[in-house]
Amino acid sequence: MRPFQADGAFQPVESGDGLRRTAVRGAAASVVGQTAGFVLQIASVMVLARLLTPSDFGIVSMVTTVNLLFRSFGLNGFTELIMQREELSEALASNLFWINLGIGTLLTFVFAGSGNLLALFFHDSAVAPVAVGMSLTIVLGCLAYIHLALLQRAMHFRTVAIINIIGLSVYVVVSIVCAFVGLHYWALVWGTVGQSVIIAVLSWAMCRWVPSRPTRALGTSSGVTFAFNVYLHFGFNYLTRNTDNLLVGYRFGAQVLGFYKRAYDLFVLAATQLLSPISNVAVSTLSRVSGDRGQFERYFLRALSIMAFLGMGIGADFCLVGKDLIRVLLGPQWGEAGRIFTLFGPGIGVMLLYNTHGWIHLAIGRPDRWFRWGLIEFFCTAGLFVLMLRWGPSGVAFAWTISFFLLMFPGFWYAGKPVGLKTGAIFAVIWKFFAASLAAGYLSYIALHATPYSGAEFGAFGAFVRMISVSVVFALLYLLAVIVLHGGGKPITDSVALLRDLLPQRTTNSVSPRNPDVDEAILRQPQESRT
């Protein structure tokens, strides 16, 4: 893809019905890519958890807790700027590339030099050399971020999905091979470096653009200010989401952090599989209808309804089967991670809904408000972590769940204020799904404990059978409760129709406007919480 025309202007993007079809295809490609990524991640977790120890994962987690904050400079900020900006010139994109690369190079050296400080903080000498190795991912990422953002602005989501899948595949293969030959925690380091290298190479290969020398380009100063506001919010949001790792690693050491981090990663993975495929599409699409408040609200609320239906159901189910899921995926030596994971479960659906308030801030061009809300979120969540730390990693996990319940509606109120989006409208959309998941979860719990069969004598196979059985019972009860509370199956049919339209189509004619409700649901589909 060549992103710019001969006059330096960005290639035009479709509008109207063309935008709707492009959004559908983009969301479809993202869903397929995210599904493939999910399968790869689960497979790698199952293999690596049996080749490496909890301490290996804990040592790398001590480093990546800080490394990802540095590594995300440019990914969070410049990506949103390029997607959200109405007009983008080649000169401006070139300036953004060099600014991003310059700061990223500086951060690489800073992080490499901080290894001894990290080792001192975590009381583990192995942390220092790992920090030097992981520092390479910072500058490698900065080589790719602007090119990937240009592909997303042009709605080449399928290309971006393919690049990410290939990168993840390289990580999985390199990590497993290195772990198999006995490199221990270095297997995870070299897998991550290999992933960054291949993503940088492919992003340049697929986005045929070479940045020019820096010049005075209109919008550079305001664009960098926008990007820094987004990154500052991300920074506080990231600190919020990783203060737990710092506290657990400092207080309890690498092994306990390894248990906690595996549970947390599965907790986040379960939610982001629903959120990530549609977030970039949502921000790009909602930005184009932000001038029409009625249309903006209608698109956002209908997307929220579908996500509430899926998220609340998944969250409640994971509360029931969390221990069995960990046993099947990671093996019996990770039992402590299973106990922690069950405390994350109730927060999965609420986390999924809460994170969508960021779509509003970005779509209306107000990252400054998003940053200010991030300060409130940080102090609230970090305070809960400190308060619950006395109960160990289980207490910290439960603090996560409490924080999402406390912050969700205040977050929506603050985000929706500039566009008149009322929390009452949001509550009206989601409360029935919450009630349905609570009722179905309670009845499934009673049925689970009333059954004499435990499956414990059959090990992982018994845990798998029990997990599937409980999930089927819960799903049937949840669907029944949703139908009863909504007086019909419209939420279910809307979700099924959405998933059908998100599947890859042979021709664009198969994406037809025969169902306006579904079209709206797709168009408002909207990026980890990058974690």
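1. A salt bridge is taken here as a side-chain nitrogen of Lys or Arg within 4 Å of a carboxyl oxygen of Asp or Glu. Side chains of opposite charge can pair when their charged atoms come close. By this criterion, a search of the whole structure returns six salt bridges.

2. The model is a predicted one, in which local features need pLDDT of at least 70 and side-chain atom pairs count only at pLDDT 80 or more, while totals for chains, interfaces and linings use all residues. Residues are numbered from 1 along each chain as its sequence is written, and side-chain values use heavy atoms, with hydrogens and water left out.

3. Lys261 and Asp265 form a salt bridge, with an N to O distance of 2.7 Å. They lie four residues apart in helix α11 (residues 254-288), and are therefore separated by about one helical turn. Helices (H or I, at least four residues) are DSSP runs, numbered from the N terminus, and strands (E, at least two) are defined likewise. Lys261 counts as buried at 12% relative accessibility, whereas Asp265 counts as partly exposed at 22%. The classes are buried under 20% relative accessible area, exposed over 50%, and partly exposed in between (1.4 Å probe, protein chains only).

4. Asp265 also pairs with Arg262 in a salt bridge, the closest N and O atoms being 2.8 Å apart. Both residues belong to helix α11 and are three residues apart, about one turn of the helix. Arg262 is buried, its relative accessible area being 14%.

5. In helix α16 (residues 367-388), Arg372 and Asp368 are four residues apart, or about one helical turn. Their side chains meet in a salt bridge at 3.6 Å, N to O. Arg372 is partly exposed, with a relative accessible area of 39%.

6. The search of the whole structure finds zero disulfides, a disulfide being a pair of cysteine sulfur atoms within 2.5 Å. With regard to individual cysteines, Cys178 is buried at 14% relative accessibility, and Cys207 is buried at 0%.

7. Helix α14 (residues 347-354) packs against helix α17 (residues 392-416) at an angle of about 25°, with the axes 9 Å apart. This makes α14 roughly parallel to α17. Axes are lines fitted to C-alpha atoms, for helices over the stretch in contact, and angles run from 0 to 180 degrees between N-to-C directions. Angles under 35 degrees count as roughly parallel, over 145 as roughly antiparallel, 65 to 115 as roughly perpendicular and the rest as oblique. The crossing of α14 past α17 is left-handed, in that the near helix is turned anticlockwise from the far one by less than a right angle (clockwise would be right-handed).

8. On the α14 side, Gly347, Val350, Met351, Leu353 and Tyr354 meet residues of α17 that include Phe404, Phe405, Met408 and Phe412; contact means heavy atoms within 4.5 Å. Helix α14 is mostly covered, eight of its eight residues being buried. Among them are Ile348, Gly349 and Leu352.

9. His123, although not a glycine, has a positive phi of about 60°; it lies in the loop between α5 (115-122) and α6 (127-134) and is exposed, with a relative accessible area of 58%. His184, also not a glycine, has a positive phi of about 55°. His184 is found in the loop between α8 (157-180) and α9 (186-206) and is partly exposed at 46% relative accessible area.
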